[in-house]
There are 2 protein chains.
Amino acid sequence: MLDDRKAAILRAIVEEYIETAQPVGSVAVSRIPGLSVSSATVRNEMSVLERDGYLIQPHTSAGRVPTDKGYRFFVDSLTPTGHLDREQSEQVRTFFAKAHGELEKMLGDTSRFLSGLTDYAGVVVRQGADPGRIRSVQVVGLSARVVIVVVVLANGAVEKRTLELSEDVSDAHVAAASAHLARYLAGGMMGHAVSVPPTGDEMVDGIVRAAAESIVHPSSGGDGEPQVFVGGAARMAASFDAIGTVRRVLDILEQQYVLVTLIRDILDRGLSVAIGAEHGVQSLKDCSIVISPYEVEGEPAGTVGILGPTRMHYDQALAAVAVVSKRLGKALSEGVDGR
Amino acid sequence: MLDDRKAAILRAIVEEYIETAQPVGSVAVSRIPGLSVSSATVRNEMSVLERDGYLIQPHTSAGRVPTDKGYRFFVDSLTPTGHLDREQSEQVRTFFAKAHGELEKMLGDTSRFLSGLTDYAGVVVRQGADPGRIRSVQVVGLSARVVIVVVVLANGAVEKRTLELSEDVSDAHVAAASAHLARYLAGGMMGHAVSVPPTGDEMVDGIVRAAAESIVHPSSGGDGEPQVFVGGAARMAASFDAIGTVRRVLDILEQQYVLVTLIRDILDRGLSVAIGAEHGVQSLKDCSIVISPYEVEGEPAGTVGILGPTRMHYDQALAAVAVVSKRLGKALSEGVDGR
DNA sequence: CTTGGCACTCAAAGATACCGAGTGCCAGCC
DNA sequence: GGCTGGCACTCGGTATCTTTGAGTGCCAAG
């Protein structure tokens, strides 16, 4: 749809604009090596590219700036090298060598690390259902009607669900339910249906049913919702000079629900990059998101991503996100750090 | 140290400046009701206040702006009404009526709520040691050398500590240690020393000792460090117009360690407000912090606070922070929401 | 001690001119 | 037909200068 020369010109303009944040003029483009045409020719091509919606002019007598469509073409035509430069690879290596600690801490650290690596904001979303193998289940009574279910997964994650029961239960009931659940759920997978046979005691079975339900159905109760970790939000401030833009973007970064929806949306569309207004969020029209899901033990467990200005270094961002998601998945699959 | 008239003039200037963010001139001050002096007199007084370090002039032929010392005088002379206005009280009521869920979620929500209430950034710090009564202790093996200790507290909080042992242990050892710890620690207080008698089995005792240590000594292992929740960081962007300032402040808000140290420092000095450069953090020289510790079941459990520009509405901030810390402590003391 | 008066200062806001990067278009050339 | 050099034109950005007015400091008189 774009002949070679137009494509080359468009790519050059996008690259130049990403680098300088200044509208790109025909003379600058005509100077790129490998394209030996005069600036007049470039001008003609550029005006076609503008007519077709790949570029716009901020005003007459200024150079051109890529539109979302222009960036999209650029990103799609990117040969995914998937390689970081030497220094960055080194950073990734040291980070994951040192990475350790609780799951949440690890994910938070990863978001900050991603941000430092790319100089944009880093995001890590942990999907609600942790697909780990259940290592232990325990029910603890807090008051006459409230019990808490604590599940320890093989990777060291601890899930808790607070349950409110419909009638008072005794400590003996709770203990019986705890033992019963432990017997039937240990070794199973979090979020998978498991049938737990009744014990015969109606009180105990009530607790067992509620607890099993809360484990199988991640959305019910507890912190079953996805967790979001945002790191390096401050770096967004450096990417924009309009204070209003910064504010709007930070605002979105705090609304975890919006972020999660947004990321899920991009994944559902089979994309790994969303540019400017492609995602529906008005406040992020000057931003792009680059994401990559990660898997723990072969099961999708979450997503890592980067939020930056539309004029971001897509190649680096894509590579960074890909590498980090892979390493993160691997690190988490290995279970706790001590092994 | 300041006569009545100077104090009145200084207060008027601070109030006016907080309201308008513009240097305050002598004419504006001379118009305040209750002070019937001419602008010339005010000018004389103002030049004395400047000499004494309460005010500065951005440049000749501009009005005056309060210094940190000026704000300090203002804050110290504030009669603490401790009352929020009608609408805000209403907001606090509804928030705490609806507030529920996991402890972490609750604290995060509180930080966001504080931010919404005051229009500055909200901060909640949870001190490392949760002083709750221990409801249950369990040790779960993750691999041959790694075990995780899960403690459920009476208020529904779940603490975990990952331990790496010096030698391989069997499941039987872990189970024995778990049972032994449960017997001796249940009912005790988190963070308090408890003597657990040896079992005689050296393997089991090794686990028991390590686990007990991690519970008693909150700093060792696990997520014993204080947790920080920051809400409404985006609102900081509205308070400043220099993009650099916004960046620096956001940066600090992400460095949890700095925040914790800073807040502890203020508390140690017996203050509840730190203005501008009073705290040592250079990046926050244009910010003030208003804090108030909260207690759960009579024991200090953390701190809530607000970070805003030095020209913040101190009376409202102080009242908001005081009310929220009290209500938060109460809400957490009541234990889980279901009761 | 207070006050009105007055000269002085200086940032901010306009006004004006200029510069130059960049465009569009055209006529000539390959 | 497509490419190119040339040229007139546009228009945002910068620099310079002026004006304006809020605000000060000081002084002499009340």
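# Reading helices, loops and contacts in a predicted model

Modeller: Ser61(B) lies in the loop between strand S1 (55–56) and strand S2 (65–66) of chain B, where helices (H or I, at least four residues) and strands (E, at least two) are DSSP runs numbered from the N terminus. This is a predicted model, in which local features need pLDDT of at least 70, side-chain atom pairs count only at pLDDT 80 or more, and totals for chains, interfaces and linings use all residues. Residues are numbered from 1 along each chain as its sequence is written, chains are lettered from A and ligands numbered from 1 in the order in which they are written, and side-chain values use heavy atoms, with hydrogens and water left out.

Colleague: Is Ser61(B) buried or exposed?

Modeller: Buried means under 20% relative accessible area, exposed over 50%, and partly exposed in between, with a 1.4 Å probe and protein chains only. Ser61(B) is exposed, because its relative accessible area is 73%, and its phi is near 65°, a positive value in a residue other than glycine.

Colleague: Where is Ala21(A) placed, and what is its phi?

Modeller: Ala21(A) sits in the loop between helix H1 (4–20) and helix H2 (26–30) of chain A, and its phi is near 65°, again positive in a residue other than glycine. With a relative accessible area of 30%, Ala21(A) is partly exposed.

Colleague: How should I read two packed helices?

Modeller: Two packed helices are described by the angle between their axes and the distance between the axes. Axes here are lines fitted to C-alpha atoms, for helices over the stretch in contact, and angles run from 0 to 180 degrees between N-to-C directions. In chain A, the axes of helix H6 (residues 103–118) and helix H12 (residues 314–333) come within 11 Å and cross at roughly 160°. H6(A) is therefore roughly antiparallel to H12(A), since angles under 35 degrees count as roughly parallel, over 145 as roughly antiparallel, 65 to 115 as roughly perpendicular and the rest as oblique.

Colleague: Which classes of residue make the contact of H6(A) with H12(A)?

Modeller: Contact means heavy atoms within 4.5 Å. Among the residues that meet are Leu103(A) and Phe113(A) in H6(A), and Val324(A) and Leu328(A) in H12(A). By class, this contact of H6(A) with H12(A) has 12 nonpolar, two polar and no charged residues, where Ala, Val, Leu, Ile, Met, Phe, Trp, Tyr, Cys and Pro count as nonpolar, Asp, Glu, Lys and Arg as charged, and the others, Gly among them, as polar.

Colleague: At what angle do the axes of H7 and H8 of chain A cross?

Modeller: The axes of helix H7 (residues 171–185) and helix H8 (residues 202–216) of chain A cross at roughly 45° and come within 9 Å, so H7(A) is oblique to H8(A). The contact includes His173(A) and Leu181(A) of H7(A), together with Ile207(A) and Ala211(A) of H8(A).

Colleague: Which side chain is joined to that of Lys160(B) by a polar contact?

Modeller: A polar contact is a pair of N or O atoms within 3.5 Å; within protein, one must be able to donate a hydrogen and the other to accept it, and residues adjacent in sequence count only if both atoms are side-chain atoms. The side chain of Lys160(B) has such a contact, of 3.2 Å, with the side chain of Glu104(A). Lys160(B) belongs to strand S6 (residues 158–164) of chain B and is buried, with a relative accessible area of 7%.
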